[in-house]
Amino acid sequence: MGSEVDWDALRGKAVEIMGKAYAPYSRFPVGVAAIVDDGRTVWGCNVENAAYGVALCAECGLVSHLVATGGGRLVAVSCVGRDGEPLMPCGRCRQLLWEHGGPTCLLLTPEGVLPMSEVLPQAFGPDNLSIAAPPA
């Protein structure tokens, strides 16, 4: 799948949406775009808040866009910062990408294209919930 992805176009969409970010406090706009398993492209940008802890990362917007437009699985993701270069998502966002893309979802990182299994090794996911003790 990685060789079939037009990474330049995907990064271009991430750069475009990064221009719509609301980042008046950090002045660090972020944009992200992804391809879904049905061929759709979804995207998001960060949205800050004066109460810093409730800011939304770009990946939150991307996952919201994914779910609101029919769901599916992420297969390829490009996240960029102000300079338009690949940006590694934070830990919380890596978890979001894992939840909606799984171990084979590809991420354009500063070190090149990597599967989520390498970006978030030993990830916690839905399968871990099946080992929980049944309710008493």
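This passage looks at one helix and its neighbours, then at some aromatic residues and a proline. The model is a predicted one.

Helix 2 covers residues 58-68, and its buried residues are Ala 58, Glu 59, Cys 60, Leu 62, Val 63 and Leu 66. What do these buried residues pack against? Their partners are strand 1 (31-36), strand 2 (41-45), strand 3 (74-80) and helix 3 (91-101). Just past the end of helix 2 comes Gly 70, with a positive phi of about 120°.

On the surface, a nonpolar patch is made up of Tyr 22, Tyr 25, Val 47, Tyr 52 and Leu 56, and together they have about 530 Å² of accessible area. Tyr 22 sits in the loop between helix 1 (7-18) and strand 1. Its relative accessibility is 43%, so Tyr 22 counts as partly exposed.

How many aromatic pairs turn up in a search of the whole structure? The search finds 1. It is formed by Tyr 25 and Tyr 52, edge-to-face, with 5.9 Å from centre to centre and 75° between the planes. The pair ties together distant parts of the chain, 27 residues apart: Tyr 25 is in the loop between helix 1 and strand 1, while Tyr 52 is in the loop between strand 2 and helix 2. Tyr 25 counts as partly exposed because its relative accessibility is 38%, whereas Tyr 52, at 61%, is exposed.

Another ring has a charged neighbour: Lys 13 lies over the face of Trp 43, 4.1 Å from the ring centre.

Finally, Pro 126 belongs to helix 5 (residues 126-129). With 45% relative accessibility, Pro 126 counts as partly exposed. Its C-alpha atom is 10.0 Å from that of Gly 102, a residue 24 positions away along the chain.

How values were computed
Residues are numbered from 1 along each chain as its sequence is written. This is a predicted model: local features need pLDDT of at least 70, side-chain atom pairs count only at pLDDT 80 or more; totals for chains, interfaces and linings use all residues. Side-chain values use heavy atoms; hydrogens and water are left out. Buried means under 20% relative accessible area, exposed over 50%, partly exposed in between (1.4 Å probe, protein chains only). Helices (H or I, at least four residues) and strands (E, at least two) are DSSP runs, numbered from the N terminus. Contact means heavy atoms within 4.5 Å. Patches are made of residues with over 30% relative accessible area and no salt bridge: like charges are joined within 9 Å, nonpolar side chains (Val, Leu, Ile, Met, Phe, Trp, Tyr) within 5 Å. Accessible areas come from the Shrake-Rupley method with a 1.4 Å probe; for residues, only the protein chains shown count as cover. A salt bridge is a side-chain nitrogen of Lys or Arg within 4 Å of a carboxyl oxygen of Asp or Glu. Rings of Phe, Tyr and Trp (its six-membered ring) pair if their centres lie within 6.5 Å; planes under 30 degrees apart count as stacked, over 60 as edge-to-face and the rest as tilted. A charge sits over a ring if NZ of Lys or CZ of Arg is within 6 Å of the ring centre and within 35 degrees of the ring normal.
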